[in-house]
Amino acid sequence: MLIAGFPAGAWGTNCYLVAPAAGEECVIIDPGHRAAEGVAETVAKHRLKPVAAILTHGHIDHVASVVPVCGAHGVPAWIHPADRFMMSDPEKGLGRSVGAQLMGELTVGEPDDVRELSDGAALRLAGLDLTVAHAPGHTKGSVTFGLPESADGGVPPVLFSGDLLFAGSVGRTDLPGGDPDELFESLGRVCLPLDDSTVVLSGHGPQTTIGQERAGNPYLRRAAAARASGDAEDAPPRRGM
């Protein structure tokens, strides 16, 4: 398994290229702000052939380069329908105070081929078996992508968590479409059932594991308590776009 990631743009959004091995087909996860050059360099370095761009959610820091990246390689973009509007109108997903700062710099729009993700979908792309989980809270259309443990047990399961779960924290819920109750429900439903060995590759910051977050992430611990009791929790902090 090859997972090559790099932080892109003004918000250091993690973009990942995932392939069974170097020299094979790959998927591109979250080609965000100023990510096109990094994608091209990574493709060349590992001799990859992109077949799709898949998006954890629609915020501009995760999708800003989706048009040039998809156009350069002639591939589709996949996004949950609840966040699709943000590709063409990102200000609606950010609020005017945030969005107005960005619009003069960015060229927005949809790639020629856009396909929609659904909860529980199994995507067979680039020889990879990716499982989609709808995980609203940060946005209405946030999703995660899961990869199973390798057949020989040499590679642990992986969760591409987007802005749902970070190392030591979680995604903000104060932008349009954010909802702290939905986010804690998503944490409990999507993350808590995973094995402790699951590697978490998030939209911002370093990698972690479910075990580390189960033990030390106060928000995941609160989500566990909320899931057990049915009580709502405090709003998460502002992190990420």
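Which residues are linked with Arg84 in a network of salt bridges? Glu110 and Glu116 are linked with Arg84 in that network. A salt bridge here is a side-chain nitrogen of Lys or Arg within 4 Å of a carboxyl oxygen of Asp or Glu, and by this rule the count comes to 9.

A word on the source. This is a predicted model, in which local features need pLDDT of at least 70 and side-chain atom pairs count only at pLDDT 80 or more, while totals for chains, interfaces and linings use all residues. Residues are numbered from 1 along each chain as its sequence is written, and side-chain values use heavy atoms, with hydrogens and water left out.

Let us turn to one pair. Arg84 and Glu116 meet through their side chains at 3.3 Å, N to O. Arg84 is in the loop between strand S5 (77-79) and helix H4 (85-88), and Glu116 is in strand S6, 32 residues apart. Helices (H or I, at least four residues) and strands (E, at least two) are DSSP runs, numbered from the N terminus.

Is His57 buried or exposed? His57 counts as buried because its relative accessibility is 1%; buried means under 20% relative accessible area, exposed over 50%, and partly exposed in between, with a 1.4 Å probe and protein chains only. By contrast, Arg84 is partly exposed at 25%, and Glu116 is partly exposed at 44%.

His57 is placed in the loop between strand S4 (49-54) and helix H2 (60-63). Leaving aside neighbours within four places in sequence, His57 is in contact (heavy atoms within 4.5 Å) with residues including Asp30, His138 and Asp163.
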